[in-house]
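Subject: Structure for you to look at

Hello,

Here is the structure that I promised to hand over to you. Please open it and keep it beside this message while you read what was found in it.

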Amino acid sequence: MSTQNLPVQLRVSIGTAISLDLIEGKMDVTPATAYLMTFTEGKCLANCNFCPQAQESKSNTNLLSRVSWPAFPTFVVVAALNNAIKKGNIKRVCIQVLNVPNVFLHVDSLVREIKKNDPGICVSVSCQPLNSENILLLKKAGVDRIGIALDAASEAIFRHIKGVEGGGIYNWHQELGLLEEALLIFGQGKVSTHLIAGLGETEQEIVCLIQWCVDKGILPALFAFTPIKGTPLEKHSPPNIESYRRLQLARYMLVQGITCFKHLTFNTEGQIVLFGVDTTILDAIVNSGLPFQTSGCPNCNRPFYNEKPSGPLYNYPKNLNQKELDEVKRQLNIRPF
Ligand code: SF4
């Protein structure tokens, strides 16, 4: 594929724009991943009810979750990116793909352009591929990881938030099928999905889906629902932080193979009450702080994607300090540590 399909503009997350010196600003945490998003004049064809880019959303199209993504000419972004990769500041490029016509041709050209200067740079693409041809196109372009977001933890919530009941175009079974296709093309361990906690699911439902992902060889990344003004869910509350901590801990242990769904105990409300490991192991895992850091591809830290800098911090973008660990332990309310 030639560069004739290279998009004219690209959106860049505000943190990435600062770290690439495209705009001036200060950051507490420098992202090791450059976050890019495809540009469109209008809206995404899909209608995911939490998303500011969605067809019926009245939000600012500069936004994805609570992060703003200013647009720049593609050649400016690629040049800045090459420079940052050369200096060793950027280890991975993550491209968020909107569902718009011809977008996979644009992404194909973009990935090839980025890889021209450093064929070894890791590229992740987060998209709704719609068919296996698009998955194959990304693989051939040199993408090393693909993310296909399920977002919802159950078919019923999916239908309501991303599917027909929410005015959307996606279908749960089709998405599961595409994840399986992606596994065949990219291989186990190279496929991710995003799950959003706080859309009305129980902890048991989301943990069950995490186990399904783990069994398949899909990496599940966990996010906290973030209400964005102008979306149908703008008045919906973010998840309870105590519940989110339990989910982070369970996700981490499931992904690491330390415990599994059938060893977890839930109460009648579907909340996790026991993690199926002894206290010494649990203490060590909690004290490492690792379960509470941003989950996703290697080198993904997406600072302040879900949270206001004033807190609460759902996903920590770096190692937790002692004060943060103490706060997490208090939220988990598991004693003793
Ligand atoms: S497909 Fe992605 S960008 Fe489009 S509405 Fe859904 S979450 Fe938003």
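Leu-130 counts as partly exposed, because 15 other C-beta atoms lie within 10 Å, and a residue would need 20 or more of them to be called buried. Please keep in mind, here and below, that this is a predicted model. For background, most residues other than glycine have a negative phi.

Another residue can be read alongside that one. Asp-151 also has a positive phi, near 65 degrees, and is likewise a residue other than glycine; its place is the loop between strand 8 (145-147) and helix 5 (155-161). Is Asp-151 buried or exposed? It counts as buried, because it has 21 C-beta neighbours inside 10 Å, where the cut-off for that class is 20 or more.

Leu-233 sits in the loop between strand 10 (218-224) and helix 8 (241-255), and it is classed as partly exposed because 19 other C-beta atoms lie within 10 Å of its own. Which residues does Leu-233 contact, if its neighbours within four places in sequence are left aside? They are Asn-49, Phe-50 and Pro-227, and for Phe-50 the chain has to come back from elsewhere, as Leu-233 and Phe-50 are 183 residues apart in sequence but 5.6 Å apart in space, C-alpha to C-alpha. Asn-60, for its part, is in the loop between strand 2 (33-38) and strand 3 (63-64), and it is partly exposed, because it has 13 C-beta neighbours inside 10 Å. Between Asn-60 and Asp-144 there are 84 positions in sequence and 31 Å in space, again taken from C-alpha to C-alpha.

Next, please turn to a pair of helices. Two packed helices are described by the angle between their axes and the distance between the axes. For helix 4 (residues 132-141) and helix 6 (residues 172-186), the angle is about 30 degrees and the axes are 10 Å apart, while the crossing of helix 4 and helix 6 is right-handed. On the side of helix 4 the residues that meet the partner are Ser-132, Ile-135, Leu-136 and Lys-139, and on the side of helix 6 they are Glu-181, Ala-182, Ile-185 and Phe-186. Sorted by class, this contact holds 5 nonpolar, 1 polar and 2 charged residues.

There is also a ligand to look at. Around the ligand you will find Cys-44, Ala-46, Cys-48, Cys-51, Gln-53, Ala-54, Leu-98, Asn-99 and Gln-128, and this shell divides into 6 nonpolar residues, 3 polar ones and no charged ones.

Finally, a word on the protein as a whole, which has 10 helices and 12 strands. Its radius of gyration is 19 Å, close to the 20 Å that the globule rule gives for 337 residues, so the protein is as compact as a globular protein of that length. The C-alpha trace spans about 60 × 45 × 40 Å along its principal axes, and 46% of the 337 residues count as buried. Of the contacts with a separation of 6 or more, 69% are accounted for by residues 24 or more positions apart.

Best wishes

Key:
Residues are numbered from 1 along each chain as its sequence is written. This is a predicted model: local features need pLDDT of at least 70, side-chain atom pairs count only at pLDDT 80 or more; totals for chains, interfaces and linings use all residues. Axes are lines fitted to C-alpha atoms, for helices over the stretch in contact, and angles run from 0 to 180 degrees between N-to-C directions. Helices (H or I, at least four residues) and strands (E, at least two) are DSSP runs, numbered from the N terminus. A crossing is left-handed if the near helix is turned anticlockwise from the far one by less than a right angle, and right-handed if clockwise. Two residues are in contact if their C-beta atoms, placed from the backbone, lie within 7 Å. Ala, Val, Leu, Ile, Met, Phe, Trp, Tyr, Cys and Pro count as nonpolar, Asp, Glu, Lys and Arg as charged, and the others, Gly among them, as polar. The radius of gyration is taken over C-alpha atoms; the globule rule is 2.2 Å times the number of residues to the power 0.38. A residue is buried if 20 or more other C-beta atoms lie within 10 Å of its own, exposed if 12 or fewer, and partly exposed in between; C-beta atoms are placed from the backbone. A residue is near a molecule or strand if its C-beta atom, placed from the backbone, lies within 6 Å of it.
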